[in-house]
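Please consult the sequence and the model shown below while reading.

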Amino acid sequence: MLCESCQKKNATVHLTEIVNHNIQKELHLCEECAQKQGFPYKMQFSIAEVLGGLIEPLMGKLSKEMDQIKCSHCGITYADFKKKARFGCAEDYEVFKEGVSVLLEKIHGSAWHRGKMPTQVSREFLQEKEIKELQRELERMVQAEEFEQAVEIRDKIKKLKEQK
């Protein structure tokens, strides 16, 4: 989409005026025209800034303790991860698990990946996946001391394992 002002550059600033829940006006400008018209904005931010802003409030005092942890494989510290928003190696997921899981739960609502699955998946694989999900749910119920629900989940797991 071209800038509505200069009609030359791509529009990278998109402004929408909303009054009483109705869109009144939309404006699509390039950076240069937006600056000329006096629209304040910060176009560039790093993922490290975003992650850093999320980690500190979530973890509080634990974040300071985690900052000292260092991966024995690649040498990166948790503090380095917060600055760069990038791991040094695959081992870091396990080394910084405690800090990363809090962050993933905040961003995604869960620390477990539940992405797409192939269209042709075996019944056994689906059963195994369901058992693992139920086991995680069982752990949460036990930690929350919801023992009646935990018993129901335990029984479901037992039935699924018998069906194998």
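In which helix does Glu152 lie? Glu152 belongs to helix α8, residues 147-163, where helices are DSSP runs of H or I with at least four residues and strands are runs of E with at least two, numbered from the N terminus. The model is a predicted one, in which local features need pLDDT of at least 70 and side-chain atom pairs count only at pLDDT 80 or more, while totals for chains, interfaces and linings use all residues. Residues are numbered from 1 along each chain as its sequence is written, and side-chain values use heavy atoms, with hydrogens and water left out.

**Negative patch and backbone angles**

Glu152 forms a negative surface patch together with Glu145, Glu146 and Glu148. Patches consist of residues with over 30% relative accessible area and no salt bridge, like charges being joined within 9 Å and nonpolar side chains (Val, Leu, Ile, Met, Phe, Trp, Tyr) within 5 Å. Glu152 is exposed at 52% relative accessible area; the classes are buried under 20%, exposed over 50% and partly exposed in between (1.4 Å probe, protein chains only). Glu145 is likewise exposed, at 57%, and is located in the loop between α7 (123-143) and α8.

Most residues other than glycine have a negative phi. Glu145, however, has a positive phi of about 60 degrees. Gln7 also has a positive phi, near 60 degrees; Gln7 is in the segment before β1 (13-19) and is partly exposed at 49%.

**Salt bridges**

The whole structure contains 5 salt bridges, a salt bridge being a side-chain nitrogen of Lys or Arg within 4 Å of a carboxyl oxygen of Asp or Glu. The table lists some of them.

| Acidic residue | Basic residue | Closest N and O atoms |
| Glu32 | Lys9 | 2.6 Å |
| Glu137 | Arg140 | 2.6 Å |
| Asp155 | Arg154 | 3.1 Å |

The pair of Glu32, in helix α1 (residues 31-36), and Lys9, in the segment before β1, links distant parts of the chain, 23 residues apart. Lys9 and Glu32 are also joined with Lys36 in a network of salt bridges. By contrast, Glu137 and Arg140 both lie in helix α7, 3 residues apart, about one turn of the helix.

**Cysteines**

How many disulfides does the structure hold? There are 0 disulfides, a disulfide being a pair of cysteine sulfur atoms within 2.5 Å. The sulfur of Cys3 has its closest cysteine sulfur in Cys33, at 3.7 Å, which is too far for a bond. Cys89 is in no disulfide either, the nearest cysteine sulfur being that of Cys74, 3.7 Å away. Cys3 is buried at 0% relative accessible area, and Cys89 is buried at 15%.

How values were computed
Accessible areas come from the Shrake-Rupley method with a 1.4 Å probe; for residues, only the protein chains shown count as cover. Lys and Arg count as positive and Asp and Glu as negative; His and the chain ends are not counted. The place of a charge is taken as NZ of Lys, CZ of Arg, CG of Asp or CD of Glu.
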